[in-house]
Amino acid sequence: MAFSSYHIMTIVASFFSHLAIFKWLAPWMLRKASPVFATLPLDKQIVTRNRVMSAFHGAVTGGMGLYVFLYPGEAIPTQIWHDSPAFRHATCIIMGYAQADTLLMLFNTCLQDRLMIVHHAIACIAAYAGSVIPALPYYGNFWVLMELSSPFVNLRMILYSLGQERSRLYLLNGILMLVTFFTCRVMTIPLWFQLAEPMATGELYEIGPLLFFTIVVLTPIIYGMNIYWFGKMCSKSYQHLYHTLFSNYWL
C-alpha cells in the first residue's frame with residue numbers, strides 16, 4: 001500500500017506547522033512565559049525555540065500513540081495485517097517533524113547534534129515503513145508512543161534555559177520525565193519478543209524487507225539509544241537531587 005493524498009498532506013502540513021511553531025509561536029510563548037528569554041544569547045534562544053517545537057510534536061504524536069494503545073481496535077499483538085489510520089497519520093506527522101528539524105539543523109549550527117541526526121534518519125525510515133505498509137501497527141505504535149516522554153524532556157531544557165532549575169516545577173517535571181521515558185521508551189522492550197512466534201511460523205517474513213529491516217535492525221538501535229539517554233538522565237537526576245538535598249540540609 002502506498003501513500004494516499006491524505007498522508008502526503010499530513011506530512012506537508014506537519015513540516016510547515018513545526019517550522020511555524022519554531023518561527024512564530026515559540027518565541028511569542030517564551031517571551032510571555034519569562035522575561036529571561038529576551039536576555040539569552042541568540043544561539044540559546046534558537047535552541048530553546050527548537051525545544052518548544054519538539055515539545056508540541058511530542059504532545060501531539062505521543063497523544064496519538066497513547067490513543068492507539070488504549071483503543072487499539074484490531075491493532076493487537078497477534079494481528080499481523082491491519083490498517084490503522086491513526087497510527088499511519090501519526091507516522092506521517094513524525095516524518096514531517098523530522099524533516100523540519102533536520103532543515104533547522106542545516107541552517108543553525110547550535111542545533112547540530114550527530115546523534116539526533118542519526119535518530120531522525122532512523123525515525124524517517126521507520127515512519128515511512130509504518131505509514132506505507134499496513135502491518136504490525138501494534139508494534140509500530142511503540143515508536144509513536146515513545147514521543148509521549150518528549151514534552152517532559154524538552155520542558156526540562158526550557159526551564160533550565162529560563163533559570164528555573166531550582167523551581168518545584170523543574171523537580172516535578174524531572175520526575176515525570178523519568179517515569180514517562182522509562183515507561184514508553186524502555187519498558188516496552190519485552191513486548192517485542194511476542195514476535196518470536198510469527199517469526200517461527202514464517203508469517204513475519206511476509207511483511208516485506210523494509211518493515212522487517214526496521215524491526216530487526218532499526219528497532220534495537222533506537223532502543224539502544226533510549227537506554228543510553230535514560231542512563232544519562234538517571235545520572236544527572238541523581239546529581240541534581242544530591243546537590244539539592246546537600247545544600248538544603250547540610251549547609
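A residue counts as buried with under 20% relative accessible area, as exposed with over 50%, and as partly exposed in between (1.4 Å probe, protein chains only). Keep that scale in mind as we walk through this predicted model, where local features need pLDDT of at least 70, side-chain atom pairs count only at pLDDT 80 or more, and totals for chains, interfaces and linings use all residues. Residues are numbered from 1 along each chain as its sequence is written, and side-chain values use heavy atoms, leaving out hydrogens and water.

Let's start with the aromatic rings. Rings of Phe, Tyr and Trp (its six-membered ring) pair if their centres lie within 6.5 Å; planes under 30 degrees apart are stacked, over 60 edge-to-face, and the rest tilted. The structure holds 11 aromatic pairs. One of them joins Y67 and Y71, a tilted pair with 5.5 Å from centre to centre and 40° between the planes. Y67 is partly exposed because its relative accessibility is 49%, while Y71, at 57%, is exposed.

Now find Y139 and F142. Their ring centres are 6.2 Å apart and their planes meet at 85°, so this pair is edge-to-face. Both residues lie in helix α6 (residues 137-145), 3 residues apart, about one turn of the helix; helices here are DSSP runs of H or I with at least four residues, numbered from the N terminus. Y139 and F142 are both buried. Ring pairs also link them with Y138, W192 and Y223 into a cluster.

Finally, look at I8 in helix α1 (residues 5-33). I8 is partly exposed, because its relative accessible area is 45%. Its C-alpha atom is 7.7 Å from that of C92, although I8 and C92 are 84 residues apart along the chain.

Notes: Helices (H or I, at least four residues) and strands (E, at least two) are DSSP runs, numbered from the N terminus.
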